[in-house]
Amino acid sequence: MEASPAPQGKRLAPGWWWSSTTGQLVYYGSAAMRLHVMLLDRDSRVSGLAARPLELRWHVPSGVQAHAPQLMLRLADGQGVPADCTGRGELSQRQRSLAAVVGEICIAAGWWYWVLGPVDPIYRRNVTWLAGYRHPRHHGGQLLAAALQEAFAEPAPLWEGVRRIGDPLIVLPALFHALWAGRLAAALGAPMHERMPVWAQAAE
């Protein structure tokens, strides 16, 4: 499926994100929505996500008002979370009023409601890089996955651990995939570099 051209003045055309969480495509309609689809796809709390699967309707003095949250999430504990995405640090008065009403409706339905805003630019760039390795084809196999866990059982500089395992052209994609999947961890709030500490995550 091809995305439509970007409307004049918009930074990103609508498109589709392949989700490593669901193995399916998730639609996004804006740069802010794409960003949060990407971040939620890496969030270990999220077990499912879909774009605009429902529309909420409620009565107001002038008639009926409706709103379709941009995303619907399913958390690992079964909790449902409708969510909207914004690229602005502060919501407008209209957005705040809408969020308050939608939040009340969601609570009454037994859901949470999230409004997802701007993200630290360094963290965003790092996760965007790792997202390029999210597909299972970058896993590298069980032997390489085990070698990564062993090499980074204690925090070690990225390049040092990679060279201990073998050919960087083979090891690096598997390392980035493991960082995306959460089997390895690093401080992604700082720029990534070859000396950055990487460590294995304890199995849950």
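Helices (H or I, at least four residues) and strands (E, at least two) are taken as DSSP runs, numbered from the N terminus. This is a predicted model, in which local features need pLDDT of at least 70 and side-chain atom pairs count only at pLDDT 80 or more, while totals for chains, interfaces and linings use all residues. Residues are numbered from 1 along each chain as its sequence is written, and side-chain values use heavy atoms, leaving out hydrogens and water.

1. Let us begin with Asn126, which is found in helix H3. Its relative accessible area is 7%, so Asn126 is buried (under 20%; exposed is over 50% and partly exposed lies in between, with a 1.4 Å probe and protein chains only). Leaving aside residues up to four places away in sequence, Asn126 touches Leu188, Ala190, Pro191 and Met192 (contact means heavy atoms within 4.5 Å).

2. Now the aromatic rings. The structure holds four aromatic pairs (rings of Phe, Tyr and Trp, the last by its six-membered ring, with centres within 6.5 Å; planes under 30 degrees apart are stacked, over 60 edge-to-face and the rest tilted). In one of them, Trp129 and Tyr133 have ring centres 5.9 Å apart and planes at 50°, so this pair is tilted. Tyr133 and Phe176 also form a tilted pair, because their planes are at 50°, with the centres 5.0 Å apart. This second pair links distant parts of the chain, 43 residues apart: Tyr133 lies in the loop between helix H3 (121-131) and helix H4 (142-151), and Phe176 in helix H6 (residues 168-181).

3. Are Tyr133 and Phe176 buried or exposed? Both are buried, whereas Trp129, at 45% relative accessibility, counts as partly exposed.

4. Please also look at Arg134, in the loop between H3 and H4. Its charged end sits over the ring of Trp17, 3.7 Å from the centre (CZ of Arg or NZ of Lys within 6 Å of the ring centre and within 35 degrees of the ring normal). Elsewhere, Arg34 lies over the face of Tyr28, at 5.9 Å from the ring centre.

5. Arg134 is buried yet has no salt bridge (a side-chain nitrogen of Lys or Arg within 4 Å of a carboxyl oxygen of Asp or Glu). The nearest side chain of opposite charge is Asp41, 4.1 Å away (Lys and Arg count as positive, Asp and Glu as negative; His and the chain ends are not counted).

6. What does the side chain of Arg134 reach at 2.8 Å? The backbone oxygen of Trp18. The backbone oxygen of Ala131 also lies 2.8 Å from a polar atom of the Arg134 side chain.

Key. A polar contact is a pair of N or O atoms within 3.5 Å; within protein, one must be able to donate a hydrogen and the other to accept it, and residues adjacent in sequence count only if both atoms are side-chain atoms.
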